[in-house]
Amino acid sequence: MPEPKACVELPVFDVSQPLSPSSLSSLYLACTQWGFFRITNHGVPKHLFTNLYSLSNHIFSLPIGSKLKVGPASSLKTYTPPFIASPFYESLLVSGPGFFSSAQSSVDVLFDHPKSDFSEVLDEYGNMMTKLSKKIVKAVLKSLVGEDLGKRFVESEFGNCHGYLRIGNYSPLNIMKEEEEDQQEDEIEGLGMHTDMSCFTIVHQHEIGGLQVRSKEGKWMDISPSEDTLVVNVGDLMHAWSNGKLRSSEHRVVLKRNVNRFSLAFFWCFENEKVIFAPNEVVGDHSRIYKPFVCADYLKFRLISEKGKFERVGFTVKDFAGNCDTL
Ligand SMILES: O=C(O)CCC(=O)C(=O)O
Ligand SMILES: [Fe+2]
């Protein structure tokens with residue numbers, strides 16, 4: 001018998017105003033317990049999501065041969081086809097801080113005629129996510145180390161962060177009948193269990209839901225779709241920078257047969273050359289659990305592990321920089 005479904009109740013924070021002391025405590029608790037929370041009054045108008053999805057749909061509907069012109073073997077490498085991360089998942093990458101020119105460089109290759117509507121919408125969305133990410137970093141640091149120290153770290157540690165957006169299209173269409181006749185479950189994995197390589201990720205999930213977080217006990221919990229909120233999660237870089245205090249939780253996406261799903265995942269990351277080393281004020285009396293490491297080296301380590309389809313034993317920051325007994 002399939003297990004009954006469980007849904008996690010994530011706290012919701014209104015980011016249009018400063019958080020009260022009690023909200024800051026619950027933000028800290030959410031980051032340590034779940035590594036996930038929601039934000040509301042984020043300022044992204046509904047029509048922007050609608051536009052973004054319809055313009056992205058236009059791109060994902062192109063023939064695979066066209067999309068591969070910006071695929072992994074091309075010089076741009078902005079398109080990831082199905083069968084690399086998952087057979088039902090394809091994605092398009094748009095990087096900041098110049099979201100317009102990043103989107104436009106893909107569009108110029110994908111379409112024969114000049115077209116800038118996609119890049120304009122992406123620019124607007126990317127800039128909004130950048131502002132939100134800065135707000136989130138500020139609030140979480142305040143909840144972690146207090147206002148004064150938080151403000152200092154925002155500048156000294158997070159001042160050179162950058163963001164990139166991954167537009168995801170999940171299409172588990174017409175495949176099941178032949179391949180999975182014997183399977184009774186009506187849900188299939190769209191994106192396998194992983195942690196994010198970011199400081200924070202901001203996700204807009206489509207109304208059909210499917211995002212799940214793994215509890216500390218190892219149980220998969222649904223993060224229900226909610227029209228007015230965005231989902232935020234802590235990534236590996238923030239986990240390491242906070243000496244493991246903030247949780248970078250494993251999560252995945254499950255799909256319903258024959259139902260297409262879109263999502264927008266915005267990753268806010270340290271600059272490539274940054275050495276990630278939890279400040280003494282964050283470590284406090286605890287023992288240090290991560291060795292210092294260069295951000296780009298960790299990203300490289302993850303890419304190699306993923307290409308090997310996770311066959312290597314270690315593929316998270318714990319395996320990369322954990323067991324800090326030399327300091
Ligand atoms: O599609 C989603 O809802 C989340 C995607 C995700 O977890 C990721 O891209 O890292
Ligand atoms: Fe993720």
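User: Starting with arginine 302 and aspartate 236: are they buried or exposed?

Analyst: In this predicted model, arginine 302 and aspartate 236 are both buried.

User: What do their side chains form with each other, and at what N to O distance?

Analyst: The side chains of arginine 302 and aspartate 236 form a salt bridge, with 2.8 Å from N to O. This pair connects distant parts of the chain: arginine 302 belongs to helix α10 (residues 295–307) and aspartate 236 to helix α8 (residues 236–241), 66 residues apart.

User: How many salt bridges does the structure hold?

Analyst: There are 11 salt bridges in the structure. One of them pairs glutamate 281 with arginine 152, whose closest N and O atoms are 3.2 Å apart. Here too, distant parts of the chain are linked, since glutamate 281 sits in helix α9 (residues 280–283) and arginine 152 in helix α6 (residues 147–156), 129 residues apart.

User: Why does glutamate 281 count as partly exposed? And what about arginine 152?

Analyst: Glutamate 281 has a relative accessible area of 40%, and therefore counts as partly exposed, because that class lies between 20% and 50%. Arginine 152 is also partly exposed, at 47% relative accessibility.

User: What about lysine 274, which residue does it meet in a salt bridge?

Analyst: Lysine 274 meets glutamate 157, with an N to O distance of 2.8 Å.

User: Changing topic: which residues are the protein donors of the iron ion (ligand 2)?

Analyst: The donors are His194 through NE2, Asp196 through OD and His251 through NE2, at 2.1 to 2.2 Å from the iron ion. Their spacing in sequence is H-x1-D-x54-H. Histidine 194 lies in strand β6 (residues 187–194) and histidine 251 in strand β11 (residues 251–256); these two are 57 residues apart and link distant parts of the chain.

User: Why do those two histidines count as buried?

Analyst: Histidine 194 has 16% relative accessibility and so counts as buried, because the cut-off is under 20%. Histidine 251 has a relative accessible area of 5% and is buried as well.

User: Which residues surround ligand 1?

Analyst: The surrounding residues include Tyr170, Leu191, Val203, Leu211, Arg261, Ser263 and Phe267. The iron donors His194, Asp196 and His251 are also among the residues around ligand 1.

User: Which side chains come within reach of its oxygen atoms?

Analyst: A side-chain N or O atom of serine 263 is 2.6 Å from an oxygen atom of ligand 1. For histidine 194 the corresponding distance is 3.0 Å, and for histidine 251 it is 3.1 Å. On its own, ligand 1 has 300 Å² of accessible area, of which the protein covers 95%.

User: Which element gives the most to the shell around ligand 1?

Analyst: That element is β12, with four residues. The elements giving two or more residues are β6, β11 and β12.

User: Finally, how many helices and strands does the protein chain have?

Analyst: The protein chain has 11 helices and 14 strands. Of its 327 residues, 52% count as buried. The chain exposes about 15,900 Å², with carbon and sulfur atoms supplying 54% of that area.

Notes
Residues numbered from 1 in each chain as written. Chains lettered and ligands numbered in written order. Predicted model: local features only at pLDDT ≥ 70, side-chain atom pairs only at ≥ 80, totals over all residues. Heavy atoms only, no water. Salt bridge = Lys/Arg side-chain N within 4 Å of Asp/Glu carboxyl O. Buried < 20%, exposed > 50% of the residue type's maximum accessible area, 1.4 Å probe, protein only. Areas by Shrake-Rupley, 256 points an atom, 1.4 Å probe, with all protein chains shown as cover. Donors = N, O, S within 2.8 Å, 3.2 Å for Na, K, Ca; no water. Near = heavy atom within 4 Å. Polar contact = N/O pair within 3.5 Å; in protein donor to acceptor, adjacent residues only side chain to side chain.
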